[in-house]
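Student: I have not seen this structure before. Please take me through it in questions and answers.

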Amino acid sequence: MTMQLFISGIIFGLSLGSIFFLMTIGLSLCFGLMRIISLDQLLYYSVGAYITYSVGLLTGSVWVGIAAGVIVGGAAALAVERIVFRRIYDRDLPFTMITSFGVLIGGVGVIKYFWGLVPRPVAEPIAAQVFVVGTEIPIYRLVIIGIAALVYIGIWLFLNRTIIGKAIRAGTEDVEHVEGLGINVYRLFTITFVIAGGLSGLAGGLQAPLIMVDPQMGLEVLAFVFMVVIIGGLGSIKGTLVSSFLVGQVVSLGSLIYAPLAQTAPFAIMLLILLVRPRGLFGSHLLKR
Amino acid sequence: MSFVRWWWGLVLAFALLALARVFLPLPFANEVVIFSIYTMGCNYLLGRVGFISFGQPAYLAVGAYAAAFYLFYFGSNPYFGLLVGIVAGVAVSFAVGTLFVRLRGDYFALVNLALAVIIFYVMQKMLAGITHGDNGLWFLTNLDSTPILDLTRPEQFFIFAFIVAFALWAFFKYLDDSIFGACCLAVKTNEDKVNFLGYSNFKIRLVAFVIANTTTALAGAMYAVYLGFVSPEITSPARTADPVVVTILGGVGTLYGPLVGSIVYTGMKDVLSKVFGNWELVIGFVLVFIMLAGEKGIWGTLAPLFKKVALRVAGKAGDGR
């Protein structure tokens, strides 16, 4: 493997990891606070990508499209939370998982209804390249990595420096005590869910120019998102960060060595980690509700 | 008393068999029977052991590909192909199960789904030389016609599939009444107490896992023999939830649930995809609706009604005498 290939592989892995991170952070937050596995985050990912396509086509700027994708992703999450999840927070995990899968499939149907089955291309907003150690690297990928870093810092500040964020963190430890302090936990749930949906929408919007946008795109990344969540441990943001970049690198560098490794190597790593640590790298014990 | 009930079950089953042959088109009937076998495993895991598995297609693919490899490369006897599928199912679910059943419920569901998708990629890309990738393996012409029940002919395959489904149904009914079935339910409700009673959680779960997924692998092998064709499509990410959806649709943990669910699901798929064309939308909303409406499913809702009617009829008959 030449040096140039290696460097571009690393950058590719980092940008892929950024997308994974943006998607799984929502899943992880929802699990931590509400004890639900919200598979419908993958729906907001597809919605974000499609909105990026449509609005980008309409306004001529992909960035406006991505912003719209974030907003629509969050709005869709709000609607779903109000209609479906509000009723099932007190149910057990498998129940929420099946229900959210229903939302995901139904949502894919809605997407097919509006946009049809044909894959849609989205123009890359920045076509320019930079040279790093003699390697051509698309600036857009670097921008994705930067945005993911900003989001991580933003989430960290939100959870550690604001009252609502602190309440959310307290809620992941013990919801009943938070409720006992007079905080409306259902509003916290809504806020968390909308943030998660918006971030998934952002991931979809950022990913849209790199792939063809098609109705099944959410289901295609499903396995990777799951592997990231399992390796990092459910409910841990630090774990999500570490494992998404780990999986991103494994996919990227693995495919450079031998193409099918891209899909199978992360799975092998996941099995290994589960053998040693059944709750993932940073997974918490399931605290009592 | 129990003898009478068994006997009635058999009569009912053969009446159904005759009815299905007369009223339903053969491909549809075959599809329903295989699908209900496919769902039985998932139903057992979800309803009796409390495991939700979004990865059932993984085991379906194991059975299907094992049978397909045998029939494509080595032999030509469909019965033997089915056997190979079962053996592969036992081997894989045992190997995977020792690792998976130790996991907490949420991780279990996620890991299974990941396994299904990985098997999809392995079959589609990594082993493309052997599996012919997306084109799939075609071996319908390789199949020998067999004596007694000729599996290469759809109408005789239906009888065979029906007998298998009925045997499995009886087997799961037997499991429910056995100590092992009680242990499974106990594990679902409270693991710690099962431990106190001196049973091994791990072993109970492993055996249940192997039984359920071998059933699924058998369904996969039957698909392979019936269609004479296997492609990675059977484990594609878009189809991972099928058995869970059907289980929920029919009613979790009920004996007839898988059959009712398969009939409704396959029927809806056939009819609606012709009329409406947007299959996902319907099934997604039906799933969410059933979950919000109390997750009892079709059979779970109907069964108490039937019982009430039957009791009333029986009561009247008693009065008349």
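Tutor: A residue is buried if 20 or more other C-beta atoms lie within 10 Å of its own, and exposed if 12 or fewer do. Keep in mind that this is a predicted model.

Student: Which are the buried residues of helix α6 of chain A?
Tutor: Helix α6 of chain A spans residues 163–173. What covers its buried residues includes α1 (3–34), α5 (139–161), α7 (175–180) and α8 (185–207) of chain A. The buried residues themselves are A:I168, A:G171 and A:T172.

Student: Which residue takes a positive phi in the hairpin of β1(A) and β2(A)?
Tutor: Strand β1 (residues 129–132) and strand β2 (residues 135–138) of chain A pair in the antiparallel sense over 4 bridges. In one of these pairings, A:F131 has A:E136 in β2(A) as its bridge partner. The hairpin has 2 residues between the strands, and the positive phi, near 45°, belongs to A:V133.

Student: Which helix gives the most to the side of chain B that touches chain A?
Tutor: The contact takes 35 residues from chain B and 40 residues from chain A. On the chain B side, α5 (105–126), α11 (242–250) and α13 (279–292) each supply at least two residues. That side divides into 26 nonpolar, 3 polar and 6 charged residues. With 14 residues, the helix that gives the most is α5(B).

Student: What separates the centres of domain 1 and domain 2 of chain B, taken over C-alpha atoms?
Tutor: The domain assignment of chain B gives domain 1 as 29–239 and domain 2 as 241–321. Their contact takes 19 residues from domain 1 and 16 residues from domain 2. Taken over C-alpha atoms, the separation of the two centres is 23 Å.

Student: Which helix gives the most to the side of domain 1 of chain B that touches domain 2 of chain B?
Tutor: Both α2 (26–49) and α7 (154–177) of chain B supply at least two residues of that side. Its residues divide into 10 nonpolar, 5 polar and 4 charged. The helix that gives the most, with 12 residues, is α2(B).

Student: Where does the largest share of the largest nonpolar core come from?
Tutor: The largest nonpolar core has 185 residues, and those with the most contacts inside it include A:V225, B:A64 and B:M222. Leaving aside neighbours within four places in sequence, A:V225 is in contact with A:F20, A:M23, A:T24, A:L27 and A:L42. Domain 1 and domain 2 of chain B both give residues to this core, so it lies between them. The largest share, 15 residues, comes from α5(B).

Conventions:
Residues are numbered from 1 along each chain as its sequence is written. Chains are lettered from A and ligands numbered from 1 in the order in which they are written. This is a predicted model: local features need pLDDT of at least 70, side-chain atom pairs count only at pLDDT 80 or more; totals for chains, interfaces and linings use all residues. Two residues are in contact if their C-beta atoms, placed from the backbone, lie within 7 Å. Domain bounds come from an automatic or database domain assignment. Ala, Val, Leu, Ile, Met, Phe, Trp, Tyr, Cys and Pro count as nonpolar, Asp, Glu, Lys and Arg as charged, and the others, Gly among them, as polar. Two strands pair if DSSP finds at least two bridges between them. A nonpolar core is a set of buried Ala, Val, Leu, Ile, Met, Phe, Trp, Tyr and Cys residues joined through C-beta atoms within 7 Å.
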